[in-house]
Amino acid sequence: MISVALAGNPNTGKTSLFNILTGSYEYVGNWTGVTVEKKVGVLKSKRGHLIDLPGIYSLNPLSRDEGVATQFLLSEDFSAILNIVDASQLERNLYLTVQLLEYGKPVVIGLNMMDVAEKRGYKVDEVKLTSLLNVPILPIVARTGTGCDRLEKMLGYSGEDGRKAEPLMINYGSVLEGAVKTLAAKIPGTIQLPKRWLALQFFEGNALVKELLYSQMDTGWLERLHTETEERIRFETKMKSLHQHIRQVRSGFISSIVSEALIRTKNIEHTFTERVDQIVTNKFLGMPVFLLFMYVTFKLTFDWLGTPLSDMIDAFLTGPVTDTLQSLLVASAPRHLLKPLCLRES
Ligand SMILES: Nc1nc2c(ncn2[C@@H]2O[C@H](COP(=O)(O)OP(=O)(O)OP(=O)(O)O)[C@@H](O)[C@H]2O)c(=O)[nH]1
Ligand SMILES: [Mg+2]
């Protein structure tokens, strides 16, 4: 029986693919320590289980919820990873893919949202991508199920025999490569996880990996190694941190792959949303635009609209509404009852 982890960025079609491959959930619970749903299903072919991991952009968790996928890689026994990639956001999605490939378990990539990519004027050359990443890649449409059966068959090839895949090797430069080797050699045999991946994640600042290594190794030595390596990286690469250096090397690797595997089929005019996005997410314009919107919202609420509106409502209630009610009451209710209470002055 194979056990496959379904991983990918948020909103890339994981649940759609999960439903197509399994039919239904066999088990729905919570991951330990967090209120994130844990969904496990049986593959329709009855070959094994599929585990739906929460959507993440990177294995370097920013919150406890995001840590679920990393915790899974650190503590669970599984045979393969099914990585779903949004073809219309290829560059961004490949960041997680690279981290998963560095782990060294068999990975199969389902290239989803091909229709969206096509609409945006892109085509992904999956044959090229397959050879560049050295991993099986299949285009799918998770919404309709197109290509999903073939993907499932590939999973069997990757995970059934429990063989290890060759991890992706990116060269992070002599300083970091040296430090990674030093650390990997010192990680005790009790931690039965890919040593190079652990070392890279440690230097990248992955809190869960740090916690694991600190619990079984000399904390002072680890901290010194991290600080010394970071200082040398700062000196040699002008990067601010190890995290930034690793991110930059990976992004360079991904850009070179994308430039070869992504083909522009037609020049599509930017949509209105994309043009607005360009302005509001701009490095320099973003914050002033945000403050301007906050100012306008504040002024609208309290000055331009709020005060005149509340004055109008007030005038309406104390004017015509009160007068009409007063006349109605005077006309309908017994005068001797109302007069002493509210109509004394009239
Ligand atoms: N156009 C298009 N839409 C798709 C495709 N696959 C899934 N979708 C749609 O994308 C949306 C998100 O799909 P989900 O399956 O919920 O994605 P997810 O990765 O589970 O999302 P999160 O759990 O929120 O991270 C849904 O509206 C799907 O119908 C596809 O191949 N093409
Ligand atoms: Mg989902």
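How many helices and how many strands does the protein have? The protein has 15 helices and nine strands. Its radius of gyration is 30 Å, well over the 20 Å that the globule rule gives for 346 residues, so the protein is more spread out than a compact globule. Please bear in mind throughout that this is a predicted model.

The overall dimensions come next. Taken along the principal axes, the C-alpha atoms fill a box of roughly 100 × 55 × 50 Å. The protein is divided into domain 1, residues 2-159, domain 2, residues 272-304, and domain 3, residues 306-342. Between the centres of domain 1 and domain 2, taken over C-alpha atoms, there are 36 Å. Of the 346 residues, 29% are buried. Among the contacts with a separation of 6 or more, 69% are accounted for by residues 24 or more positions apart.

Leaving aside residues up to four places away in sequence, L82 touches V4, A5, L6, V108, G110 and L155.

Next, the ligand. Which residues come nearest to ligand 1? They are G13, K14, T15, S16 and G55, out of 15 residues around ligand 1. Two helices, α1 (14-22) and α4 (114-119), each supply at least two residues of the shell. Helix α1 gives the most, with three residues. By class, the shell around ligand 1 comprises five nonpolar, seven polar and three charged residues.

K46 is not a glycine, yet K46 has a positive phi of about 65°. K46 sits in the loop between β3 (37-42) and β4 (48-52). M113, likewise not a glycine, has a positive phi of about 60°. The loop that holds M113 runs between β6 (107-112) and α4.

Are these two residues buried or exposed? K46 counts as exposed, because it has 7 C-beta neighbours inside 10 Å, and 12 or fewer is the limit for that class. M113 counts as buried, because it has 26 C-beta neighbours inside 10 Å, where 20 or more are required.

F290 belongs to helix α13, residues 286-304. With 11 other C-beta atoms within 10 Å, F290 is exposed. F290 and V280 are 10 residues apart along the chain, and their C-alpha atoms are separated by 7.5 Å.

The other residue is L133, in helix α5, residues 126-133. L133 counts as partly exposed, because it has 18 C-beta neighbours inside 10 Å. Not counting residues up to four places away in sequence, L133 touches L101 and I257. Between the C-alpha atoms of L133 and N267 the separation is 27 Å, and these residues are 134 apart along the chain.

Thank you for your attention.

How values were computed. Residues are numbered from 1 along each chain as its sequence is written. Chains are lettered from A and ligands numbered from 1 in the order in which they are written. This is a predicted model: local features need pLDDT of at least 70, side-chain atom pairs count only at pLDDT 80 or more; totals for chains, interfaces and linings use all residues. Two residues are in contact if their C-beta atoms, placed from the backbone, lie within 7 Å. A residue is near a molecule or strand if its C-beta atom, placed from the backbone, lies within 6 Å of it. Helices (H or I, at least four residues) and strands (E, at least two) are DSSP runs, numbered from the N terminus. Ala, Val, Leu, Ile, Met, Phe, Trp, Tyr, Cys and Pro count as nonpolar, Asp, Glu, Lys and Arg as charged, and the others, Gly among them, as polar. Domain bounds come from an automatic or database domain assignment. The radius of gyration is taken over C-alpha atoms; the globule rule is 2.2 Å times the number of residues to the power 0.38.
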